[in-house]
Amino acid sequence: MVQLNQDFINSIAKDMPAHLTMDDFIHYSSQPLRPSIRVNTLKISSNDFIDLMKPKGWTLDPIPWCSDGFWVSLDSEIQLGNTIEHIQGLFYIQEASSMLPPTALFDDLDDTTEYTILDMASAPGSKTTQIAALMKNSGLIVANEYSSSRVKVLHANVLRMGVSNTALTHFDARVFGEYLFNQFDAILLDAPCSGEGTIRKDPQALKNWSHAENASIIDTQKALIESAFLALKTGGSLVYSTCALSRAENQEVCEHLMSCFPDAVEFQSLSQLFPDAEKSCTSEGFLHVWPQIYDSEGFFVAKIRKIADIERQKPMPKQQKNFPFEPASTKVKVELQRYFKDTFDISLPHDGLVMVRDLEYWLFPAKMADLIGKMRFQRIGIKLADGLKKGFKVRHEAIMALANALTPYELTSLQATEYLMGRDIPLPDGGKPQGEVILTYHACALGVAKHLGKKLKNSLPRELVRDRIISSETKG
Ligand SMILES: C[S@@+](CC[C@H](N)C(=O)[O-])C[C@H]1O[C@@H](n2cnc3c(N)ncnc32)[C@H](O)[C@@H]1O
């Protein structure tokens, strides 16, 4: 049962627009959320995904503000996160309203320019991976997260979804305005917040709500939005979002930014973002989504353009030394390219930077060249391969990000399950040993194995081995 404390109700009653009622708010807050997913177009088109899942009893209803987002209903009780399709990164379980901020960010960006984008508070990565899909893995996303444990989850999701254009950082995001001043074409600040909008997912979320708790969150939000605005290029756009409902964490944070930089801040109206957007649009042009408007979680989205230069407030920090990578030699690059092409029929992207650290070979997004030395990065791009005495050994993450659907080893759902559980796959009619091969399921990469003739030897990284998998066979 939902637990709303009276202080919270009194507080939001004054922020709720006149055309909405508290009764509706309480009613919707007590209803379970409709499950929703976003198809990962880095791996499969939405149409192909629908064709794939329909026979398995999935019904997918389009979410109006995200072309690859769907409310999903199933004819059986399964945990979406344990399906093979989820593990192989064909979709992300993401609340419908959480798909709004990237849609707002990309509303006026095109899909041919290579942008440099900052996602300031990015774990667990639902919006980072959505942005990567919108960018088709081109350009560069700097995805930052302050909490160490959440950086790990972010990293796992970035790899699962086959994202290769990301550099992960681990800072209090207040540093960006100083370290990467005027650097980004667009920025998402999906700010830490009181989580008032998430009551339908977590009925206890507001049990201990208090004004005092929220005061320090609001200070952080104001500091982060200032930092974001400094890191943004003139002409660029910042999307500020929260899953909070109060004006104090939303409109007032944007107004604070306006008061800091009155000549440079312009609020951009989101009233035309999708049909029906005006139902949640405020007089400033922000989207203030209350749960009863679209039967979703609560959310807030503001789009802010930087229309004039602002002065650097702190001097440029010193260049960071001891960057542990160096560019690979032309000879090594050619050898790596040949290895990927001959073994897996994969062409490495022409514009990526192939970098070496010890005997590890990495592919960095080309735009990283502008940022090296300006800040410390946790992890950049993808690890392609380890160097052996003779030749290379491919990394699972490279296959997941770069493989095309071309290889002969399409697995059955039973075999795919075995593979994800870390087991070898017997091949009674396997023929001659063929060395490293890409395994696919639904013609999308699942991983790599060594073909030994009579079996496929499992080389799934140990940390990805699962003990619970749902293999849903097509219903007859
Ligand atoms: C709303 S969540 C982000 C959700 C994420 N954007 C997504 O879509 O998956 C806010 C995140 O901000 C992080 N955070 C809290 N304080 C921060 C700070 N000062 N700098 C950067 N991140 C911070 C939290 O750990 C949390 O992961």
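## Strands β22 and β23

In this predicted model, strand β22 (residues 444-451) and strand β23 (residues 455-458) run antiparallel and are joined by 3 bridges; strands here are DSSP runs of E with at least two residues, helices are runs of H or I with at least four, and both are numbered from the N terminus. Two strands count as paired if DSSP finds at least two bridges between them. Within this pair, K450 has K457 of β23 as its bridge partner.

Both strands belong to an open sheet of 5 strands with mixed pairing, in the order β19-β21-β22-β23-β20. At the edges of the sheet stand β19 (409-410) and β20 (425-426), each of which pairs on one side only.

## Basis of the model

Residues are numbered from 1 along each chain as its sequence is written. Because the model is predicted, local features need a pLDDT of at least 70 and side-chain atom pairs count only at pLDDT 80 or more, while totals for chains, interfaces and linings use all residues.

The protein chain averages a pLDDT of 93, and 97% of the residues score at least 70, where pLDDT is the predictor's confidence in each residue on a scale from 0 to 100. For the complex, the predictor gives an ipTM of 0.99 and a pTM of 0.96.

## Domains

The domain assignment divides the protein chain into domain 1 (99-306), domain 2 (326-400) and domain 3 (404-464), with bounds that come from an automatic or database assignment. Between the C-alpha centres of domain 1 and domain 3 there is a distance of 39 Å.

## The annotated position C243

The UniProt annotation "active site", from an unreviewed entry, covers C243; such positions are given in the numbering used here, feature names are shortened, and annotations may be inferred rather than shown by experiment. C243 is found in the loop between β9 (232-242) and α10 (251-260).

C243 counts as buried because 24 other C-beta atoms lie within 10 Å; the classes are buried at 20 or more other C-beta atoms within 10 Å of the residue's own, exposed at 12 or fewer, and partly exposed in between, with C-beta atoms placed from the backbone. Leaving aside neighbours within four places in sequence, C243 is in contact with C193, G195, G197, T198, E297, G298 and F299, a contact being a pair of residues whose C-beta atoms, placed from the backbone, lie within 7 Å.

## The nonpolar core

The largest nonpolar core has 135 residues, of which M120, I187, L189, A228, A231, Y240 and V301 touch the most other members. Such a core is a set of buried Ala, Val, Leu, Ile, Met, Phe, Trp, Tyr and Cys residues joined through C-beta atoms within 7 Å. Helix α9 (residues 211-231) gives the most to this core, with 7 residues.

Beyond four places in sequence, the contacts of V301 are L100, P101, A104, V239, S241, L270, F286 and L287.

K333 is found in helix α12 (residues 330-344) and is partly exposed, with 16 other C-beta atoms within 10 Å. The C-alpha atoms of K333 and V354, which are 21 residues apart along the chain, are separated by 6.9 Å.

Strand β17 (residues 382-387) runs antiparallel to β15 (residues 360-364) and is joined to β15 by 4 bridges, with W362 having K383 as its partner in β17. β17 also pairs in the antiparallel sense with β18 (residues 392-394) over 3 bridges, where A385 stands opposite V394. The strands β17 and β18 form a hairpin with 4 residues between them, and G391 in the turn has a positive phi of about 85°.

How values were computed
Contact = placed C-beta atoms within 7 Å.
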